[in-house]
Each structure stands twice: as C-alpha cells, then as structure tokens.
Amino acid sequence: MELSRDITLGQYVPRNSPVHRLDPRTKIVLWVVLVTLLFLVRSFTGYLLFALFMGWVVRLSQIPMGYTLRGLRPALPFIVALFAMQILFSGSLYPESARVLFHWRFVRMTVEALYTYSLTMVRVVLLFWSVTILTLTTSLVGFTDGVESLLGLGRRIGIPANELAMVMVIALRFVPTLVEELERIMKAQMARGADIETGNFIQRTRQRIPILIPLLLNTFARAEDLILAMEARCYRGGKGRTKRRQLRVTALDYRAIAVVVGFCGLMLAYTWVFRPRW
Amino acid sequence: MLITVENLEHTYMAGTPFETKVLHGVDLEVREGEMLGLVGPSQSGKSTLVQYFNGLFVPRGKGRVVVDGIDTSRKGANLKALRQKVGLVFQYPEHQLFKGTVGEDVAFGPRCLGVPPAEIGPRVDGALRAVGLDPEVFRDRYIFALSGGQKRRVAIAGVLAMNPRIMVFDDPTAGLDPRGRVEILDTIARLHREQGLTVVFVSNSLEDVARLADRVAVLAGGRVVRVGRPAEVFSDVDTLARIGLGTLQTVDVLARLRQKGWDVRLTALGVEEAAREILRAYRARLARQASPGAGGCPGGTL
C-alpha cells in the first residue's frame, strides 16, 4: 500500500525547463488567466484545444506526462460519482421541452443535462490538471515569494500579504506530510486487524474513525510544534523583512505572456465568433 | 522456517519522477522462537522490509515472502489471517491510539478479528499484564493521561491482544527517555522469554541488539550483508565500517587496541566482558614480559 504515489498536489519536480525558470508571479498570473479562459470556453472542441495546449506546456516542463495526470486517480471516483448524480437527478430542473433520454420516477435524464455536466466534468479535470502543473513546476519558496509579491499589490487596501502567503504555503507544504502520516496510521490500524476496504457504506464510514481521530490529533500536535518553531525563530510577519532571492521578470516571461495571451485570443475568437456546436 | 524472504525487491514511488529503489534483492530467514535484531544505516530499507512480514506490502513481480506457510506473493493470500499471526508495532505506535480509555483501545484488535465479546476482556487484561501494566489500575484510565512510555506499552498491548505468534517491532525505543527505553526493552525480552514469541526488532541502537538478540541481520544498500550471532556480526568491524554503520562502542575500543598490537579478541560485546578481555590481554603481556627471553615494555598504556 502506498498512497503517496498518487498524490501530486503540493509536490515539486525540480527540472531546468523554461516552465520552471519562469518568474513565479508570471506563472501564477498566467494560470489565473488560463483558468478564467476555461470558464469562458464552453465546448468540447474548445476543451480539446485547451488540453492540447496544456499537454504542450507539460512537454516543455520535461515532467513525465503520466505523472502530471496521476493525481487525478484518487479524485476520479468522486468526480464520476458527482457526475452520475447530477445527470440522474437534476432532470427535473430542465423544462418540459428538454429531450428526455430516460425517465423512471424521480430519475429524469435529459440530453441537456448530459451535455452540461459532461462539460463540467471535463472542466474540473482540466482545472485540476492545470493546478497540478503549476505546483509541480514551482518550488515552494518560489511559490510563496510569488504569491506574497502579488498580494502585496493589495497591501494598501489592508490585505495581509505575508500572512496569507504563509498560510497558503503551510497548507501546501503539509499535503505530502499528512499523506505520509495518513498512510502510516492506516497501516498501523490494518496491522491491528482493521479492515478498511470492505463493507457497506455505514461500516466503511465507521472504519474511518480509527484513522481520522489519530490523524486529527497528530495534525494538531504538529501545528503546535510549528507554532513553537516559528516563535522560537522570532517570526512576526513580513514587516521589514528583506529577501535574499529577488524575483526578476526576464525576456522568457514576456514570451510566455505573449504565447498565453495569443492562445487566449484565438480560443475566445473560436468560442465567440465560430460558436462551435460541440 | 517461520518467515522466508527470497530475493525481495521494493521500489518506492514507482512510475513517478521520485522513484527510488530501497530493496535490491533481500534474502532472510526468521526462525521459530528466536529473537532477531535487524540493524542497518538509515534509509537501508529496514522499515520497508518489516512491512512485508505482515502483508502490508506484498511482493509484486520479483521476490517472494512466505510467512508460516502463507505465500504473500500469491494472489488471494489470506492477509487478514497473516496480520493476526504477525503483530507489527510501528515506529511511535502511540500515535495510532484513538479510543478514550486504555481498555477500549487494546480491545480494538481482537474486536476487528471477531473474537467473541466474552473473550475480549480476559485478552485485554492478559495483554496489559504482558506489557507490565496492571489491568486493574490501567484498564479504565484515559489514554491522554498516560506518559509517553506508558502509551507506547498500551500500543504494544493492542497488538499483543491479537495473540500473534511473531512480534515485529520497528525501532521500539525511538524518542523515549533512558528509563522508557529500559522498560520497553525489558518488556520485549520478557515476551520472548515467557510467552515464547518469535521476535524481530529493528533498532538503531547496536548495544540494545547485542544485549537482546539471538541473531543479527545487517541490512545495507537494500541487501542483507551479514547475518549471524551478535558476536560474529559485531566483530566484523571492516564490513560494518564499510557500510557506514560502525560497531559497538566496546568492540570499537577493542579493535583500536588490536590495531596498536594488543592481542584482544573482538567478540566481547558487553562492557564487563570487554574490560575482562582487556585485562586478560594486559596480564598476558605482563606475564610474557616477566618471563625470561622477553624484553621491552608494553606498547601503550592502560
């Protein structure tokens, strides 16, 4: 049993690729732009083009394609379950005129629902993929600096940039740690005869208790240790702190911005002018 | 043979950029009724290896692990039965406690195994007694009110309550104070002696292993590089130095004396034994000096 193999969120794969070398601020802003685009494009062909673009980015980043997609594996059952429930039970929200594929008591499946929720599912997958690519190619330190610098723009209106960046980074940093911990506790309870993979829904929920309680307790203990460690180093927020690593926007960043803006332009033109049916 | 490991390989994070191979073909046997110490430098795969003993890892492809007749590499092997036979106590086992009271937590294992309720009480009491906690005093105590060493013993009792034939401890004394260490080691030694359990224990303290184990296996670079009685293994100073593990402090002192020309044997493991050995060598040299024909003075001072 090895959980950490499937968790890509919060991992960083060091490589010397153009994607890695980008200024983290550029990467974060471009990611936000691409996610916005994801919500504007509402067609399967559009998403296919988007996926091809992301695939190209992955190739540039020199990270194995399979690994960037691996993180989807544990999330897939949820996505599929959500999708199934939506197309089965949301039919009543659609007007009488909707084309009904299947009708049985409260289950009403319509073509429209199928179309809408298929799109949504693809979008969620692409969203997840793009976050994964962002974190896999950005070191934690770079990420913090980038977020802090971007949030700094809002400091004048009272946004606590350093604190927010710190919170985010701690959260990300602890994903792999908690996964490791979870795996250890699961194994320890399995060694005591706990059966965590079989049984009906209620049994399976009850089987989570021996895992979740220790996990929660250990997480609190860890948080306390972290607080102590930060206080021992006199951490008091970002006021007056200087940085050894200065962020610098280079020609590479301008090129990346140009490529992404160009891609967005094409995609929006495709969506709004061409108006694809699929 | 209770546990047989053949040509076992293990790779962590297989198929990812973080892929690392930790076991490169391990061969090892655990004999019925023995106490086997497993040592090795950090990252040598000790913790990984012991997880094969109770089927938390099963061989995929290369290698074979057979535990008391159960071949874990075979599909459909009864892993639940295996986990009852082999009690595995992880590092920092007190982190897995989750019930309110000591008694409830120790009862978790037997309950999972479907032991009849009437039998659970006696089993819990037996397990608590076996780790040196009086059931009358501790059964209804809250876990959070216990000391670190007591919690660890409760966790060990939780595994013992499953009535395993083999107990595997992964670094059982990690993070304990000297008193806690002694208590846990005494508990393990007593389990082995009184209940006749086969014990495998991973340890970073060579001294503990030398004191307790019948046999020692040294793991390095993902392979077992040496197996044998403690005296044999720990006197193989060159091998142990080569893999970066070092040896017992006593053997180290003896080895240095030997380098300086003293005729001492390296098989003395305990402090007193080592002292006696040094004294013997010193006396022998004095005697040789006193006897006619010999000259000069002892090389070095004692």
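Mentor: On the H2(A) side you have A:Lys27, A:Trp31, A:Leu34, A:Val35 and A:Leu38, and they meet A:Arg123, A:Leu126, A:Leu127, A:Ser130 and A:Leu134 in H6(A). Sorted by class, that contact comes out as seven nonpolar residues, two charged and one polar. Keep in mind that this is a predicted model. As for geometry, H2(A) covers residues 24-40 and H6(A) residues 111-137, and their axes are 11 Å apart at an angle of about 175°. Anything over 145 degrees counts as roughly antiparallel, and the two helices are therefore roughly antiparallel to each other.

Now for the nonpolar cores. The largest one has 89 residues, and B:Phe53, B:Val89, B:Val106, B:Ala157, B:Val168, B:Val200 and B:Val218 are those with the most contacts inside it. H6(B) gives the largest share, six residues. Domain 1 (3-247) and domain 2 (251-290) of chain B both contribute, so this core lies between them.

Last, the contact between the chains: chain A puts in 25 residues and chain B 26. On the chain B side, helices H2 (79-85), H3 (102-112) and H6 (148-160) each supply at least two residues. That side of chain B divides into 15 nonpolar, nine polar and two charged residues.

How values were computed: Residues numbered from 1 in each chain as written. Chains lettered and ligands numbered in written order. Predicted model: local features only at pLDDT ≥ 70, side-chain atom pairs only at ≥ 80, totals over all residues. Contact = placed C-beta atoms within 7 Å. Helix = DSSP H or I, 4+ residues; strand = E, 2+ residues; numbered from the N terminus. Nonpolar A, V, L, I, M, F, W, Y, C, P; charged D, E, K, R; others polar. Axes fitted to C-alpha atoms, helices over the stretch in contact; angles between N-to-C directions. Parallel < 35°, antiparallel > 145°, perpendicular 65-115°, else oblique. Core = buried A, V, L, I, M, F, W, Y, C linked by C-beta atoms within 7 Å. Buried ≥ 20, exposed ≤ 12 C-beta atoms within 10 Å, placed from the backbone. Domains from an automatic or database assignment.
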